[in-house]
Amino acid sequence: MEQRANRLFLVIPCYNEEAVLKETAQQLLKKYQALQHNGTISPDSKICFVNDGSKDQTWEIIRSLHLENSTYTGLSLTRNRGHQNALLAGLLTVMDQADIVISMDADLQDDIQTIDTMLAAYQEGNEIVYGVRSSRRTDTFFKRFSAESFYRLLQLMGVEIIYNHADFRLMSKKALKGLSQFEETNLFLRGMIPLIGYKSTSVAYERHERFAGKSKYPLAKMISFAFDGITSLSIRPIRMISNLGIIISIISLLFLVWSIFTHYFGYTVDGWTSLLASIWLVGGLEMLSLGVIGEYIGKIYNETKRRPRYIIEEYLD
């Protein structure tokens, strides 16, 4: 008996992507037609665009694409919930309809030809296939330095993350079922998905220049994203604060012994400079420590409220 071809869904979060959406849809449809012709994916495979509360004509374009060709489907959230929530909304919505899901960005920077390699890796028994950038030659020095520092910082803080991997990945239905069991509100999918387990691998690809529009991840947002990833998946910063407190306590004890020693032998020490420096140093460390602890408490507060991560306004099936 001939084995049925897998039903593939592409999930593509979109926020103000009117400048690139039609070109993206056209190129993806050509790729789908080639894969269907070869029998790699089933004829009823779909391309799902997720509208993350866009303020431009993104949702109207998705609607028109769906009317023109049933291969295109659309999902619209009631408001902007951020890339990670929009991506999760798409993944969990199509989970029961798809055999395989590939997530990618709408800006054509992810190489769509890599889809073939991902599907081949899935056929070899991998439930998760990560798309990993082979190089950053096209990036500016600052972009390359900040991006690589982002991954190294996360790894240093104990976050299990695939180096140079964003959100271009393949997941099987089994892996998606595993992801659906993670119920936290504070999402960092790049760190959550490796926690699922199952057999996985990585495939290398060259990331292209953005076809049109502007990047949705400037430096400030990348820093915030990294901080969210660390505090969502690691308690190492709090442990570092505890260790720092122990070190400062030991240093303070040594200074106390030194002060008693100098007083006993009658040495005169001015001490104002070291005293003021110590006050400023300890005060700054206390404020930093309170800020880190407050960040964790804030995340706990958000988790306990159990608010929905997203609300779907409309789904074009």
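Asn-16 is found in the loop between β1 (8-14) and α1 (21-37), where helices (H or I, at least four residues) and strands (E, at least two) are DSSP runs numbered from the N terminus. The model is a predicted one, in which local features need pLDDT of at least 70 and side-chain atom pairs count only at pLDDT 80 or more, while totals for chains, interfaces and linings use all residues. Residues are numbered from 1 along each chain as its sequence is written, and side-chain values use heavy atoms, with hydrogens and water left out.

The phi angle of Asn-16 is near 55 degrees, a positive value in a residue other than glycine. Most residues other than glycine have a negative phi. With a relative accessibility of 26%, Asn-16 counts as partly exposed; the class lies between buried, under 20% relative accessible area, and exposed, over 50% (1.4 Å probe, protein chains only). A positive phi, near 65 degrees, also occurs at Leu-108, which lies in the loop between β4 and α4. Leu-108 counts as buried, at 9% relative accessibility.

The protein chain contains ten helices and eight strands. Of its 317 residues, 46% are buried. Among contacts (heavy atoms within 4.5 Å) between residues at least 6 apart in sequence, 83% join residues at least 24 apart.

Eight strands form an open sheet of mixed pairing, in the order β7-β5-β6-β4-β1-β2-β3-β8; two strands pair if DSSP finds at least two bridges between them.

Leu-10 stands opposite Ile-102 in β4, and Val-11 has Ser-103 of β4 as its bridge partner. The pairing of β4 with β6 is antiparallel, again over four bridges, and Val-101 has Met-171 in β6 as its bridge partner. In a regular strand the side chains alternate between the two faces of the sheet. Both faces of β4 are covered, with Ile-100 and Ile-102 buried on one side and Val-101 and Ser-103 buried on the other.

Helix α3 (residues 83-94) lies across β1, β2, β3 (72-77), β4, β6 and β8 and runs at about 155 degrees to β1. Helix α4 packs on the sheet through β1, β4, β5 (128-133), β6 and β7, and its direction makes about 45 degrees with that of β6.

The largest nonpolar core has 34 residues, of which Leu-10, Ile-12, Ile-47, Phe-49, Ile-102, Ile-115 and Leu-170 touch the most other members. A nonpolar core is a set of buried Ala, Val, Leu, Ile, Met, Phe, Trp, Tyr and Cys residues joined through side-chain atoms within 4.5 Å. Elements giving two or more residues to this core include β2 (46-51), α2 (58-68) and β6 (165-172), and α1 gives the most, with six residues. Ile-47 is in contact with Leu-10, Ile-12, Leu-28, Leu-29, Tyr-32, Thr-71, Tyr-72 and Thr-73, leaving aside its neighbours within four places in sequence. A second, separate core of 29 residues includes Ala-175, Leu-176, Leu-187 and Tyr-310.

Asp-110 is found in the loop between β4 (100-103) and α4 (114-123) and is buried, with a relative accessible area of 3%. A polar atom of the Asp-110 side chain lies 3.1 Å from the backbone nitrogen of Asp-105. The side chains of Asp-110 and Tyr-205 are joined by a polar contact of 3.0 Å. A polar contact is a pair of N or O atoms within 3.5 Å; within protein, one must be able to donate a hydrogen and the other to accept it, and residues adjacent in sequence count only if both atoms are side-chain atoms. Not counting residues up to four places away in sequence, Asp-110 touches Met-104, Asp-105, Phe-168, Tyr-205 and Arg-207.

Methods:
Axes fitted to C-alpha atoms, helices over the stretch in contact; angles between N-to-C directions.
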